[in-house]
Amino acid sequence: THSPHYTKARMAMADIFLKHRKDKGAYIKCYMDLVELNPDYDSYCMLGEAFMQIQEPEKAVRSYESALEMQPKDSDLVTRVARALVTTHDYQHAIDYYNKAIFMSRTNWWLQLELASLLVRLHQWSQALTQLHKCLERPDAVGSGVEGLGIDVE
C-alpha cells in the first residue's frame, strides 16, 4: 500500500544508507522502489534528484524525462533537465532544454542568464550576447537583475 508515511520512511532509510553507510546502491534502491510502487510524477522527480545526489546525471535525466512525460509543461522540471545535461557535458541538448524552459516560463529571465552563462563557457559569443540583450530588453529585468548580469556571465 502506498502512503505518504511509507514514502517518508523510504526517504529516511535512503538518507541513512547514503550518509551513514555510504551505500549508494541501497540509497538508489529506496527511490527505485518508490517508483516501482507508484510510478508517478513525484516519484520520478525524487528518483532524478537522488541520482543527482550521487553524481549520476545521465540516469537523473532519464528519470526527469519520465516525469516530463506526465507533466510536459513543468518549466521547473525542464530547467532541472537542462542543468543535469550540463553536468553530463551534453551541451546542445542542455541548450535545447533551456530554450524550451525559457519559452514556457517567459517571466523567468534568470533562465536566460543561465543559458547566456553556458553559452559564454562554450565560447558561443553571439548567442550569449543575444540572450543578454533579451534580458536587458525585459521590463522586469531592469533594476535588480541588471547589476548581476556581469557577475553571472563571468
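Me: Hi! Which helices do the buried residues of H2 pack against?
Reply: Hello! In this predicted model, they pack against helix H1 (4-19) and helix H3 (41-53).

Me: And which residues of H2 are buried?
Reply: Ala26, Tyr27, Ile28, Cys30, Tyr31, Asp33, Leu34 and Val35.

Me: Nice. How many residues does H2 have, and how far does it reach?
Reply: Helix H2 covers residues 24-37, which is 14 residues. From first C-alpha to last it reaches 20 Å, close to the 20 Å expected at 1.5 Å a residue.

Me: What goes on at the start of H2?
Reply: There, aspartate 23 points a side-chain oxygen to within 3.2 Å of the backbone nitrogen of glycine 25.

Me: Switching topic: where does serine 63 lie?
Reply: Serine 63 is part of helix H4, residues 57-70.

Me: Is serine 63 buried or exposed, and why?
Reply: Buried, because its relative accessibility is 6%, and the cut-off for buried is under 20%.

Me: What does serine 63 touch?
Reply: Leaving out residues up to four places away in sequence, serine 63 touches Tyr44, Leu47, Gly48 and Phe51.

Me: Okay, now H5 and H6. At what angle do their axes cross?
Reply: Roughly 160°, with the axes of H5 (residues 75-87) and H6 (residues 91-104) coming within 8 Å. That crossing makes H5 roughly antiparallel to H6.

Me: Left-handed or right-handed?
Reply: The crossing of H5 past H6 is left-handed.

Me: Which residues meet there?
Reply: On the H5 side they include Val78, Val81, Ala82 and Leu85. Among those in H6 are Tyr91, Ala94, Tyr98 and Met104.

Key:
Residues are numbered from 1 along each chain as its sequence is written. This is a predicted model: local features need pLDDT of at least 70, side-chain atom pairs count only at pLDDT 80 or more; totals for chains, interfaces and linings use all residues. Side-chain values use heavy atoms; hydrogens and water are left out. Helices (H or I, at least four residues) and strands (E, at least two) are DSSP runs, numbered from the N terminus. The expected span of a helix is 1.5 Å times one less than its number of residues. Buried means under 20% relative accessible area, exposed over 50%, partly exposed in between (1.4 Å probe, protein chains only). Contact means heavy atoms within 4.5 Å. A polar contact is a pair of N or O atoms within 3.5 Å; within protein, one must be able to donate a hydrogen and the other to accept it, and residues adjacent in sequence count only if both atoms are side-chain atoms. Axes are lines fitted to C-alpha atoms, for helices over the stretch in contact, and angles run from 0 to 180 degrees between N-to-C directions. Angles under 35 degrees count as roughly parallel, over 145 as roughly antiparallel, 65 to 115 as roughly perpendicular and the rest as oblique. A crossing is left-handed if the near helix is turned anticlockwise from the far one by less than a right angle, and right-handed if clockwise.
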